[in-house]
Amino acid sequence: MATFIKRAEVPLDGAMTLPGEYYKSPEIFSREIERIFMRGWLCVGREDRVPRPGDYVLQEIGGESIIVVRENAGRLRAFYNVCRHRGTRLCEAHQGKFSGTIQCPYHSWAYGLDGHLIGAPSTSDLPNFNKADYPLHAIAIEVWQGFVFINLAETPDPIEPVFEGIAERAAQYNLPNLKVHRQIAYDVAANWKLLIQNYSECYHCSPVHPALARLTPPTSGENDLYEGPTLGGYMRLNDGIGSMTMTGRACGVPVAADLPEEDHDRVYYYSIFPNMLLSLHPDYVMFHTLWPVDAGHTRILCDWLFHPDSLARPEFNPDDGVDFWDMTNRQDWHICEQSQLGVVSRAYVPGPYSSRECLSAQFDREVLKALEK
């Protein structure tokens with residue numbers, strides 16, 4: 001039986017890494033899915049993934065399949081991919097377009113894009129049967145700065161506190177108007193927590209990311225959010241460096257015309273609990289969404305967003321930034337996979353976090369807090 005740590009047992013000073021059970025125990029993983037991913041606000045990508053009425057995407061998490069669809073009135077809706085008749089999955093394709101209704105392939109029960117049951121063959125003779133009693137099971141959905149979030153809790157917490165610390169800065173980056181240039185999917189043999197812990201510090205940057213260290217000093221910058229669901233801060237670009245790219249040059253126009261001057265040589269990195277990593281560059285924005293598969297595997301989607309002018313002007317090469325971070329991502333995933341192999345060893349015992357890993361320690365506290373609820 002797994003042993004759970006209480007957040008109060010983890011000190012702010014002298015914090016230690018989590019025990020190995022937190023990276024291999026099916027019991028702890030199951031509890032994380034139920035108390036974190038089934039109750040928290042999960043980023044499922046950009047709003048323009050479903051631009052027109054009838055467009056939909058599926059999202060899998062913790063054995064559940066969720067339909068995110070745009071209804072006829074233009075509103076985004078989210079539903080469990082479960083027919084109200086006998087529970088059959090309503091659709092299988094990961095992305096597509098409904099032709100006016102959502103129809104079950106088993107017995108042809110049909111639902112409007114707003115989730116209401118509008119057709120149920122051979123039910124007119126059933127006593128007291130009322131279509132209004134059988135809508136699809138709806139899930140809370142919100143849009144923040146062009147990003148779509150869902151929450152599977154029966155009574156979700158408000159989403160606004162999640163972004164309280166980052167709202168003002170995010171508003172400066174023109175996020176709703178940026179366009180996806182590319183998405184890369186990664187399947188990583190590591191626990192989801194290791195990936196966020198790694199993102200939250202640059203203590204590892206010199207040995208793991210030599211190309212990154214040439215663009216931005218690993219010890220530069222400051223943290224500005226160090227408690228709560230959103231954690232992070234900025235790192236400075238070296239003199240003469242325009243952005244985080246293979247060439248070191250900017251690969252697009254500034255994401256916002258009125259971006260503060262000081263932010264033209266900074267990159268902000270934020271983890272948004274529990275499954276989003278948001279990286280704000282002066283010329284593009286990168287974000288990751290993390291989807292735990294089991295205690296030792298995570299699927300990651302990484303998207304790169306640019307100002308539309310960057311994609312239309314031939315003098316810019318957005319792939320200069322994409323290629324840089326694809327290389328850096330793969331370096332991160334490899335070292336996290338090596339960490340996963342180590343922390344499940346019988347020889348592993350928790351070690352001390354350095355002073356440059358304070359956000360990783362704070363993230364651990366946020367995990368423990370959620371597991372106590």
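**Exercise 1: a lysine in a helix**

Decide whether Lys193 is buried or exposed, and find what surrounds Lys193.

Step 1. Lys193 has a relative accessibility of 0%; buried means under 20%, so Lys193 counts as buried. The model in which this is computed is a predicted one.

Step 2. Locate the residue: Lys193 is part of helix α4.

Step 3. List the contacts, leaving aside neighbours within four places in sequence: Leu18, Tyr22, Tyr23, Glu32, Phe363 and Val367.

Step 4. Take two of these partners in turn. The side chain of Glu32 forms a polar contact of 2.7 Å with that of Lys193. Tyr23 is 170 residues apart from Lys193 along the chain, yet 7.9 Å separates their C-alpha atoms.

**Exercise 2: the largest pocket**

Describe the largest pocket by its space, its lining and the residue classes in that lining.

Step 1. The space in the largest pocket is about 560 Å³.

Step 2. Its lining has 37 residues, and Tyr199, Ser200, Glu201, Cys202 and Met235 are the closest to the centre. Among the elements that give two or more residues to this lining are α4 (192–199), β13 (230–236) and α8 (319–343).

Step 3. Sort the lining by class: 18 residues are nonpolar, 15 polar and four charged.

**Exercise 3: a strand and its partner**

Conventions:
Residues are numbered from 1 along each chain as its sequence is written. This is a predicted model: local features need pLDDT of at least 70, side-chain atom pairs count only at pLDDT 80 or more; totals for chains, interfaces and linings use all residues. Side-chain values use heavy atoms; hydrogens and water are left out. On a 1 Å grid over the protein atoms alone, a cavity is a set of points where a 1.4 Å probe fits but cannot get out, and a pocket is an open set with protein on both sides within 12 Å along at least five of seven lines; lining residues have an atom within 4 Å of a point. Grid points are joined across faces, edges and corners, and a volume is the space filled by probe spheres set on the points. Helices (H or I, at least four residues) and strands (E, at least two) are DSSP runs, numbered from the N terminus. Ala, Val, Leu, Ile, Met, Phe, Trp, Tyr, Cys and Pro count as nonpolar, Asp, Glu, Lys and Arg as charged, and the others, Gly among them, as polar. Buried means under 20% relative accessible area, exposed over 50%, partly exposed in between (1.4 Å probe, protein chains only). Contact means heavy atoms within 4.5 Å. A polar contact is a pair of N or O atoms within 3.5 Å; within protein, one must be able to donate a hydrogen and the other to accept it, and residues adjacent in sequence count only if both atoms are side-chain atoms.
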